[in-house]
Amino acid sequence: MNEALLALLSGSLGSVAGWTATLRESAPLLVTGLAVALAFRGGTWNIGAEGQLLAGALCATVVATRLLVEAPALLLVPAVALAGAFGGALFGALAGVLRAARGVSEVISTILLNFVASSLVALAIHGPLQEAARAYPKSDPFPSAALLPSFGRVHAGLLVALLLAVLLHALLFRTPFGFRLRAVGLAPTAARFAGISPERIAVTTLALSGALAGLAGAFEVAGVTGQLYEGLSAGTGYTAIAVALLARLQPLWVIPSALFFGALEAGAAAMQREAGVPAVVTQVVQGVVILLAALVSIRRRPGARLGARARSEAG
Amino acid sequence: MEALLEATLRLAAPLLLAALGELVIERAGLIDIGIEGTMLTGAFAGFVVAVASGSALAGVAAAAVAGTTVGALFAAFAVYGRVDQIVVGTAVNLLALGATGAGSRALYGGAPPAAPTLGALASGPLAELPWLGALLFAQTPFVCAGWLLALAVGVALARTRPGLRLRAVGDSARAADAEGVPVPRVRAAAVLIGSSLAGVAGAALSLAQSDSFTEGMTAGRGFIALAIVIFGRWSALGVLLASLFFGCATALQFRLQARGVGIPYPVFLMFPYLVTLAVLALATGRARAPADLGRAYAREAS
Amino acid sequence: MQEISKSFVPAVPVLEGVSLEVAEGEVLALLGENGAGKSTLMNVLAGLVTPDAGGLELAGERVDLGRYGPRGARDHGVGMVHQHSALVPAFTVAENLCFGDSAAGPWFRPGAELRAAEALSRRFELEVPVRRRVEELSPGQRQRAEILRALGRGARLLILDEPTAVLTPGEANALFAALRRLRGAGRAVIFISHKLAEVEQVADRVTILRRGRVVANLSAGELDARELGRLMLGRDLPPLERRAAPPGPPRLALRGLSVPGVTERSRLCGLDLEVLGGEIVGVVGIDGNGQRELEEALAGVRRPSGGEVLVAGRRVALSPRALRRAGLAHLSGDRERAGLVRGMSLAENFILKGSWDDRRFFRRGQIDRRAAALAASRAAARFGISPSDPDGDIASLSGGNAQKLAVARELDGDPPVLVAVNPTRGLDVGSARFVHEQLLARRAAGGAVLLISVELDEVLALADRVVALVRGELRSVPPGADRAAIGAILLGEGGA
């Protein structure tokens, strides 16, 4: 037990290699954590960050390996990022529209879309996006112009992520749009009477949330792996929920929260190597963290009234 | 044709069992997205016990117990702790994924053995019966259990007093409380019962549909069960029909795949999820969900 | 009940040392203003609230309040009929009557239960359609069903919480007749109300609560309306001042307004109405006759199926923003419908409605927090909102203070038209008086006020003109009509 903990700590925070691993693991968690926090604040339960991340990675790969292969870095890098955001936004918006127009609970639709997204990725890398050699189910490696600048395996995306956290904080608490979003998340009926459309906010929020998650996907392929393959994201989207909840849905607090979970992931790999404890145990920790964090802040959350929306919410 | 029917029933069984479990829980007013993790835990526990004891039946029993245990966790936080149900459900899924994955690696080092499975319900003359034989008796007991439980749950909800009380709690916890019905206790009981059903559904996967346990083998079936409850309009009969529908869709998926129609494999993988989405989107008329679904109840609200 | 004390919030006692007695075959009226503690006291009796101190004796037997609960109440023969129906809406009446019955067997036989319900209905002469689902019933029927349920459980003591709030005058009389029958049958009844007139009709004794304490115990013979009023309020409230004001030009006009309704009865059909500047037009009616629909249409959240609304002579689009821009303000007694967001601060709620175009607080894509805080503080000072911290969460505001905030926000900018819907619902006397004064102030300043309320007294005290909303149509009320005449109009008889 002690051996395992020691391996966990040293593997994550005890060395340069450890810190590198931690930062690398934290980056996607930071961006997707922000995505989830934003969605929850707007009253939408986005459980689909996982799928939105994959959709973003897919779109990013299409741009990098098929559409703009020859483009210079100055054009390609932002294009790849935008493509990622677009892919994620599409998936998020789809769930949002289903909810706004048909009353389909986004809890279920985003989860289902996760599976659709992973299947789409599989489809692509077995087919149109497969590498030229056609030997393995993975995409062509990204042209070097598309890769994010990085040191070790920590890419520039991390800096962008930090910036995004600050921007999101400003968006939520300083802009009229964020103001309206929070109002809907806290009291949709009161917001409606104040002239805010909860339906429109739901779609916009889920689209934005999806865009962030998609961006994280683009960062993963363009900054870490350099190509698209199956199993790209090992539950990042679900861990993001834990990250967001631990951070009490505050964008700035998502940074230390993501670092914590990133360290956990990095350390777990070391723990498995050196102490033989399976890395998958981190999921257990995540689950426990969610429960404890939620217990501590019971009064905080606006209740999710999934069934109540199916009945008439007159006006 | 008969083969299609047989495949439909076989594939629908785990979905039906899990959906019935979720139905009981939702009619009591709680939404348990952790049903996926509950199923997975049941699959794992059933598998482990079956391998260790050599008896598939013991495995099923263990799966039920495991499901109930997960249910107890959910009830503790969602009913008594009044933590948001979505949050608890998500946590349960993560915990189940991690615990079963770690457990599987620890016990079998990544190479789980084959488990004793539950074979056909009855062979011999019963299985020879023209339609009934193939549909019911030549199938694993899970299929038959599914039908019986669907009947039992339906009758229990509509025609028994405890069922009436459970529905009251789900439709108006305030009214039930004012009548002296112990709301938290009824809800917790519903969660325990429903979760044990989900555990058994998991066993249907690891001890019948396949003979092994793989990490994350539920592959979203628990979530499809959630959709089945909505699609089935929160009635036992509706859930039964909806499960058959999804079983049929999956059976068709496998047939088309086997026939190699030239469509790549992942398309088939997407099929059940897309169908679910389409069904949910196109379901006309607002479904009559239990009115208090998803809302925590606290008495001291003057 | 003896010496019951209950505090919900430490240092803010809701009930202090309240003692109460009622005997068999007696009807006791529990009087007091909103917030006096009546509901809380009865909730203790019904087992829904556990008091901090005090004792309870039922039929001469001491009760352990720690283990009491709704079940204990029921076992001891206490039945409660709540102000907001505590029946399961999706169940039929018969199902509601029997699901709590722990003595009966596990099998539920619909046929037998139906017959038992009908027998019960006949026995107590309370007409209730037992086959229908509760959500389809009128408020009067629901109430009778709830009474029936309590009686079916063998209740010897019946508690009714503000029963006439949702009844037409005719239904109220039927209720009183039923209560008299119950009294004759040896039951005890406790009847909560804040309306003096009803009390005189049916009560044998009266206990008056004020601010959580008993201030008087009177018997029927000693009742005097003015005395009762004074005891309830603790002071003589001077009548509202209504100066004669010359009416101005029409500010709000509804022409042929038709709005789809939640029920058939509440659908609005071709409403025509005009409100002039400097006048208060009151719309009375029993809840469920279209008030919700009218409110929502005028707030811009429910789309009409026909007709138009004109503000200052110009046709206005019916969305919340367009209406606000045109100068129509909406005030509601319901926190959510008033657009107050729990979880946001005073200042944030104050500026909530202007996030698109209010340049004072929203400029260059940013929120000017300082300006908002300043404005909110000023409003808090002017209207006496407490606590007045602009960054404080409004969830900590009492009902009265939250309503003051809503008033402050809506009256900000002196809107030419104000639509006030049940603005004093659930408020204590002081806060209600404040709201009334604000409405009159608007009138004096030349504004047009449309007051939609289920409280007849409120409308009669404030309005220059009264119309009745009956089954989605407006009926005019002759000036000087008394309560009985208006009651008749509300029932659908008379009026045009």
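Two strands are said to pair if DSSP finds at least two bridges between them, and helices (H or I, at least four residues) and strands (E, at least two) are DSSP runs that are numbered from the N terminus. The model in these views is predicted, so that local features need a pLDDT of at least 70 and side-chain atom pairs count only at pLDDT 80 or more, whereas totals for chains, interfaces and linings use all residues. Residues are numbered from 1 along each chain as its sequence is written, and chains are lettered from A and ligands numbered from 1 in the order in which they are written.

**View 1. Strand β20 of chain C and the strands beside it.** In this view Gly282(C) stands opposite Leu451(C) of β20(C). Strand β13 of chain C (residues 279-284) runs parallel to β20(C), and six bridges join the two. Strand β19 of chain C (residues 417-421) also pairs with β20(C) in the parallel sense, over five bridges, and Val421(C) has Ile452(C) of β20(C) as its bridge partner. From β19(C) the chain passes through helix α14 of chain C (residues 429-444) to β20(C) in a right-handed β-α-β crossover; right-handed here means that, with the strands pointing away from the viewer, the path from the first strand over the helix to the second runs clockwise.

View 2. A residue is called buried if 20 or more other C-beta atoms lie within 10 Å of its own, exposed if 12 or fewer do, and partly exposed in between, with the C-beta atoms placed from the backbone. Strand β20(C), which covers residues 448-453, has six of its six residues buried. Ala448(C), Leu450(C) and Ile452(C) point one way from the strand, while Val449(C), Leu451(C) and Ser453(C) point the other way.

**View 3. An open antiparallel sheet in chain C.** Strands of a sheet pair through backbone hydrogen bonds, either parallel or antiparallel. The sheet shown here is open and has four strands, in the order β12-β11-β14-β15 of chain C, with antiparallel pairing. Its edge strands, each of which pairs on one side only, are β12 (268-276) and β15 (314-315) of chain C. Strand β11 (residues 250-259) and strand β14 (residues 306-311) of chain C are joined by five bridges in the antiparallel sense, and Leu252(C) stands opposite Val311(C) of β14(C).

**View 4. Helix α9 of chain C and the residue that follows.** Helix α9(C) spans residues 291-299 and is mostly covered, with nine of its nine residues buried. Among these buried residues are Arg292(C), Glu293(C), Leu294(C) and Leu298(C). Just after the helix, Gly300(C) takes a positive phi of about 90°.

View 5. The peptide bond that joins Ser386(C) and Pro387(C) is cis, with omega about 0°, and Pro387(C) is found in the loop between α12 (369-383) and α13 (399-411) of chain C. Asp414(C), in the loop between α13 and β19 of chain C, has a positive phi near 45° although this residue is not a glycine. Which residue with a positive phi of about 40° is not a glycine? That residue is Asn422(C), placed in the loop between β19 and α14 of chain C. Asp414(C) is exposed, because 12 other C-beta atoms lie within 10 Å, whereas Asn422(C) is buried, because 20 other C-beta atoms lie within 10 Å.

View 6. Two residues are in contact if their C-beta atoms, placed from the backbone, lie within 7 Å. The contact between chains A and B takes 43 residues from chain A and 46 residues from chain B, and α5(A) gives the most to the side of chain A, with eleven residues. Elsewhere, 17 residues of chain A are in contact with 23 residues of chain C, and the elements of chain A that give two or more residues to this side are α7 (176-186) and α8 (188-193).

**View 7. The two domains of chain C.** Chain C is divided into domain 1 (2-233) and domain 2 (250-340 + 413-491), with bounds that come from an automatic or database domain assignment. The centres of these domains, taken over C-alpha atoms, are separated by 32 Å, and nine residues of domain 1 are in contact with ten residues of domain 2.
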